[in-house]
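Please look over the sequence and structure below before reading on.

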Amino acid sequence: MKLKWVKGLGALWLAFVLLVAPLSLVAEAAEGQVRVLVAPTLAYDKVDPVSEGLFTVYKGGKVGFIDRTGRVVIPVSYDYAYDFVEGLAPVLQGDKWGYIDQTNKLVIPYRYDLAANFDEGLAIVETGGKYGYIDKTGALAVPALYEDTHGFAEGLVAVKKDGKWGYVDAAGRTVIPFTYDTAYVFSEGLAVVGLNQRWGYIDKTGKQVVPIAYYAAYAFQEGLACVFAEAGCGFIDKTGRWVAAAQYDDAGDFSQGRAWVKKDGKCGYIDTTGKLVIPALYDGAADFAEGRAAVYRNGKGGFIDSYGVAAGPQSYDEVYDFSGGLALVEKGGLFGFVDAAGQVAVPLTYDSARGFSDNLTPVEKGGAWGLLAYIPPGSEPSDWAVAEVAALTARGVIPEALLSAYQTPIRRDEITALMVNIYEHTKGPAEARPSPFTDIAASAYKTHIEKAKALGLVDGTSDTTFSPAAQLTREEAAKLLCAVVEKTGGIPLELTGVPTFADRGKLSDWAVPYVAYAQAHSIMQGVGNNQFSPQGTLTREEAMLTAERLIVVYAWGGGTN
């Protein structure tokens, strides 16, 4: 049973054209369509999903890489290889591993017994039975001295030495002594550690913040963690307070305000207060992602929304991850794709397939592989946002990666980058200073976040976390936009008013004056029917429209009142 994710998008329709010439390309499809890039004629044993523009292909025990046209970019000549990540791929020749770039240049020589992908600029390697971490020059940033490692995250590496676990930093310096029976990576500023077959949590100073008392413990997600006590499993917050009592047989992580829980063989969902909000009706369940969760009932899989309402038929033998707007499903041994409404977007005709990644996926039929591309809805802004998006684009302040999927909720790091670009467009370059945030290293907008923190534009979601990939709520957006007005325009804020929206009672206390200011100065408007929807999200195009409104209202960068 595979329980996977679903991405929320509108209904799609199919433009599926089979090709005669194996590497011919179909004309560009309209939004919401799937098109064939390469018909199933590629003679490989297996094709993995795309990573950084290249597909990993396997044939006759060897591995290479092809592009989206099926052209061989790196010959199928390696004994093994992993995907390209952060510009490099680990490759095996004989019994040693090295790293190549996308030109097939050997960047780091073959000298490791094992090698992994880079993550936050470091990669795990094994040599002589010991583990260490290298940087992208091949230099050992963390010496190969350790018996095991559980990975690098939030600036620290969990490593094992002389039978005990501790933590070192990216330079190999011991930060937390080797005192634990096991230790895992940091998540949201805390890490799971074990002693004497009990589990608890420490912070980055090594301080035990939640007692080592649980039978099992998992990483914090959305401020809550699943732990097992004598009575069963439940959820605690970062102080160790029970939010959902230990009464369940099993549970998943919190995602989008929901976590699945299992009791007496049935699964339902609780919210962040511990309340059961979706009844325990299902034989199997998965975490929520972008408004949908995969569930199984009576041996068949389908999807539900965050209220438990079915999204399409529950009739598949297997359901897989939604990615790039479509989900892979299987029935009777054949694979196809469905959209978030549960409608079939690609008929179930393939013998094998992979999930979409970067809007591309490999598919297999009759022993040969082909490649599909998906043109997601939102590739163009809505009619009401076209003029503002065009004006903002002309100013050169929109990060290139945001010039698509305009109806997608904007992330915290994305809107931060947009606002910093507006500040620099108006005031000149800003200085990036080290921030206290430990979770921004992998964000494409790390420097923007550091600049924004130094300018006083943003706060974190905790003292040490920024949550760059989290979606921004509308009340958070109001506070950010007010800070931009103050810092960019040099306008003192009068944060004394109360908004007139009918749902103002749903605002967080801290947000009331910011929403009032944003409403009074036409920085943000409601969502209709005199509603502000404080916990709702702001889409990319809404953020862009608001940003252009700021520039025009305050006459920044050539705007006019």
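Which residue in strand 6 is the bridge partner of Phe-65? The partner is Ile-74. The model is predicted: local features need pLDDT of at least 70 and side-chain atom pairs count only at pLDDT 80 or more, whereas totals for chains, interfaces and linings use all residues. Residues are numbered from 1 along each chain as its sequence is written, and side-chain values use heavy atoms, with hydrogens and water left out.

**The sheet**

- Four strands form an open sheet in the order 3-4-5-6, with antiparallel pairing; strands (E, at least two residues) and helices (H or I, at least four residues) are DSSP runs numbered from the N terminus, and two strands pair if DSSP finds at least two bridges between them.
- Strand 3 (46–51) and strand 6 (72–78) are the edge strands, each pairing on one side only.
- On average, neighbouring strands of this sheet are turned by 15 degrees against each other, direction ignored.
- Strand 5 (residues 62–66) runs antiparallel to strand 6, and three bridges join the two.

**The helix pair**

- Helix 2 (residues 412–427) and helix 4 (residues 474–489) have axes that come within 11 Å and cross at roughly 15 degrees; axes are lines fitted to C-alpha atoms, for helices over the stretch in contact, and angles run from 0 to 180 degrees between N-to-C directions.
- Helix 2 is therefore roughly parallel to helix 4, a term for angles under 35 degrees.
- Residues of helix 2 in contact (heavy atoms within 4.5 Å) with helix 4 include Ile-415, Met-419 and Tyr-423.
- Among the residues they meet in helix 4 are Leu-480, Leu-481 and Val-484.

Terms used
Parallel < 35°, antiparallel > 145°, perpendicular 65-115°, else oblique.
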